[in-house]
Amino acid sequence: CGLILDCDICSDLLLQDPSADPSQQEAKQREAEIRNTILAQVLDQAARARLSNLALVKPDKAKAVENYLIQMARFGQLAGKVSEQGLIEILEKVSQQTEKKTTVKFNRRKVLDSDEEDDY
């Protein structure tokens with residue numbers, strides 16, 4: 001190569017994470033390809049579009065739905081391709097499971113403050 005920055009090998013190396021091992025990157029890429037293949041077999045076109053839109057807004061939730069769909073496909077729990085309506089139902093299930101409960105607790109403290117002394 002000889003440190004020519006416009007060669008393909010150098011440009012690939014510059015785009016990669018320097019701390020990552022090339023074999024790890026290949027494994028991640030293969031895993032992503034397998035996931036995409038499974039999702040393409042499991043979801044119809046409208047459902048895939050909805051899931052990709054969700055991934056743009058809420059990547060964590062989209063990942064959870066993808067994992068759920070892949071797990072269902074591996075165990076043979078899916079009869080056919082999941083429609084957009086079926087994906088919406090799965091999204092609601094995942095949302096209920098991962099819903100965060102927010103509680104507000106007021107901690108009222110008595111403050112000994114007199115109106116006679118003004119601290120400016």
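## Burial and surface

A residue is called buried when its relative accessible area is under 20%, exposed when that area is over 50%, and partly exposed in between, with a 1.4 Å probe and protein chains only. By this definition, buried residues make up 18% of the 120 residues in the protein chain of this predicted model.

The protein chain exposes about 10400 Å², of which carbon and sulfur atoms supply 51%; accessible areas come from the Shrake-Rupley method with a 1.4 Å probe.

## Basis of the model

Because the model is predicted, local features need pLDDT of at least 70 and side-chain atom pairs count only at pLDDT 80 or more, while totals for chains, interfaces and linings use all residues. Residues are numbered from 1 along each chain as its sequence is written, and side-chain values use heavy atoms, with hydrogens and water left out.

## Overall layout

The protein chain has five helices and zero strands, where helices (H or I, at least four residues) and strands (E, at least two) are DSSP runs numbered from the N terminus. Among contacts (heavy atoms within 4.5 Å) with a separation of 6 or more, 62% join residues 24 or more positions apart.

## Helix H3

Helix H3 covers residues 45-57, and its 13 residues reach 19 Å from the first C-alpha to the last, close to the 18 Å expected at 1.5 Å a residue, a span taken as 1.5 Å times one less than the number of residues.

Within H3, Ala47, Leu51 and Leu54 are buried. Seen down the axis of H3, the buried residues fall within an arc of 60 degrees, so they line one face of the helix; the arc is that of the directions from the helix axis to the C-beta atoms. The buried residues of H3 pack against helix H2 (22-42), helix H4 (59-74) and helix H5 (84-98), whereas Gln45 and Leu56, on the other side of H3, are exposed.
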